[in-house]
Amino acid sequence: MPELPEVEVTRLSFASRIAGAQVLSVSMGKALRWPLMCEPKALVGRVVVGVRRRGKYLLIDFDRGLLLLHLGMSGSLMFATQLPQRGVHDHFDMQTTQGLLRLNDPRRFGAVVYADHEDAPVAHKLLGKLGCEPLSPNFDALKFYADLKRKKTAIKQVLLAGEVVVGVGNIYACEALFQAGIRPTLSAARISRPRAVKLHAAIREVLNRALEKGGSTLRDFSSAQGESGYFQLEAMVYGRAGQACRVCQSSIKLLRQGQRSSFYCPQCQKG
DNA sequence: AAAAGCCCCTGGATGC
DNA sequence: TGCATCCAGGGGCTTT
């Protein structure tokens, strides 16, 4: 589920409310993708300074050290003063002076990992190879074009890999490629400069629009305030195999690329 | 070194 | 109703 818009919506929904809070207790349920890398007790007394996002990771900064949090495929956070008793899929609870932060993650592909510093080995391993933030001014169209030139793989896979640009998952990769009129199977290196520029703009446009809609809620996503997203209602291709293209009425096609589904319009995405 | 596959895990939808 | 199969928003790791 959670791609950049969902992670950012989550961040915005609790960052200011948790800022300044002191940790009272931390408890873990079933194992997530990786161990916490510290004793839960070691976090007691720390003060939350702020919450940042890098790619699909949330970084919870303490006065000393930070937590790297990933929502995986099915994770969602809640932050509230009052929450029900821990359920079977609640795997991380952090009680603070300003509320309880809870990670719910049925599939447990998510993670909460502690690091002493942002350049500690764990953090470096997880964040070190991440590409450009698509909504930051650093995301430059010509640099993007140059990066694509070096990748012979299909453009869809390049977008998902996160080494050129981060945060674009399966939904938004499909949608951005549609908007740019590019077929998902096209080798990234074969995309012309004007079309790379168009794709660059499409990525930003699609992500910003999704942010405005509160992200996409396909099954279990909600913000840390429990709000659903609505972008899925205006998807042009994602999840629409066999349905009519909203632009040209052609039947939307589905194909598999690296064990993921790609949706595209054969008429609107010719190259 | 780049690219392709393989898993991790649970639950919902579909089909027999 | 029951059971098997397939599929899902991610991404690090292993193998080619």
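Visitor: Hi! Which helix do glutamate 8 and arginine 11 both lie in?

Guide: Glutamate 8 and arginine 11 are both in helix α1, residues 4-18, where they sit three residues apart, about one turn of the helix. Helices (H or I, at least four residues) and strands (E, at least two) are DSSP runs, numbered from the N terminus. Please note that this is a predicted model, in which local features need pLDDT of at least 70 and side-chain atom pairs count only at pLDDT 80 or more, while totals for chains, interfaces and linings use all residues. Residues are numbered from 1 along each chain as its sequence is written, chains are lettered from A and ligands numbered from 1 in the order in which they are written, and side-chain values use heavy atoms, with hydrogens and water left out.

Visitor: Good to know. What does glutamate 8 form with arginine 11?

Guide: A salt bridge, with 2.8 Å between the closest N and O atoms. The term stands for a side-chain nitrogen of Lys or Arg within 4 Å of a carboxyl oxygen of Asp or Glu.

Visitor: Are the two buried or exposed?

Guide: Glutamate 8 and arginine 11 are both buried. That word means under 20% relative accessible area, with exposed being over 50% and partly exposed in between (1.4 Å probe, protein chains only).

Visitor: How many salt bridges are there in the whole structure?

Guide: The search finds 14. Another one links arginine 52 to aspartate 61, at 2.7 Å from N to O. Arginine 52 counts as partly exposed because its relative accessibility is 33%, whereas aspartate 61, at 16%, counts as buried.

Visitor: And what about lysine 143, which residue is its partner?

Guide: Lysine 143 pairs with aspartate 147, their closest N and O atoms being 3.1 Å apart. Both belong to helix α3, four residues apart, about one turn of the helix. Lysine 143 is partly exposed at 48% relative accessible area, while aspartate 147 is buried at 11%. Elsewhere, salt bridges that share partners connect Glu8, Arg11, Arg53, Arg54 and Glu133 in one network.

Visitor: Changing topic: which residues line the largest cavity?

Guide: Lysine 143 and aspartate 147 turn up again here, along with Cys132, Asn138, Phe139, Asp140, Phe144 and Val164. This cavity holds about 30 Å³ of space. On a 1 Å grid over the protein atoms alone, a cavity is a set of points where a 1.4 Å probe fits but cannot get out, and a pocket is an open set with protein on both sides within 12 Å along at least five of seven lines; lining residues have an atom within 4 Å of a point.

Visitor: What volume does the largest pocket have?

Guide: About 1,200 Å³, a volume being the space filled by probe spheres set on the grid points, which are joined across faces, edges and corners. Its lining has 42 residues, with Lys56, His70, Gly72, Met73 and Arg260 nearest the centre. Two or more lining residues come from each of α2 (121-127), α4 (155-161) and α5 (170-180). The largest share, four residues, is from α4.

Visitor: Which residues touch the most other members of the largest nonpolar core?

Guide: Phe144, Leu148, Ile155, Leu159, Leu199 and Ile203 do, out of 30 residues in that core. Such a core is a set of buried Ala, Val, Leu, Ile, Met, Phe, Trp, Tyr and Cys residues joined through side-chain atoms within 4.5 Å. The elements giving two or more residues are α3 (141-149), α4, α5 and α6 (193-212), and α6 gives the most, with seven. Apart from this core lies another, of 27 residues, including Val26, Leu77, Phe92 and Leu101.

Visitor: What does leucine 159 touch?

Guide: Not counting residues up to four places away in sequence, leucine 159 touches Phe144, Val165, Val168, Ala173, Leu177 and Ile203. Contact here means heavy atoms within 4.5 Å.

Visitor: One more: where is valine 237?

Guide: Valine 237 is in the loop between α6 and β9 (253-257), yet it is buried, with a relative accessible area of 0%. Leaving aside neighbours within four places in sequence, valine 237 is in contact with Cys174, Glu175, Phe178, Ile252, Phe263, Tyr264, Cys265 and Gln269. Glutamine 249 also lies in the loop between α6 and β9, but glutamine 249 is exposed at 56%. Although not a glycine, glutamine 249 has a positive phi of about 75°.
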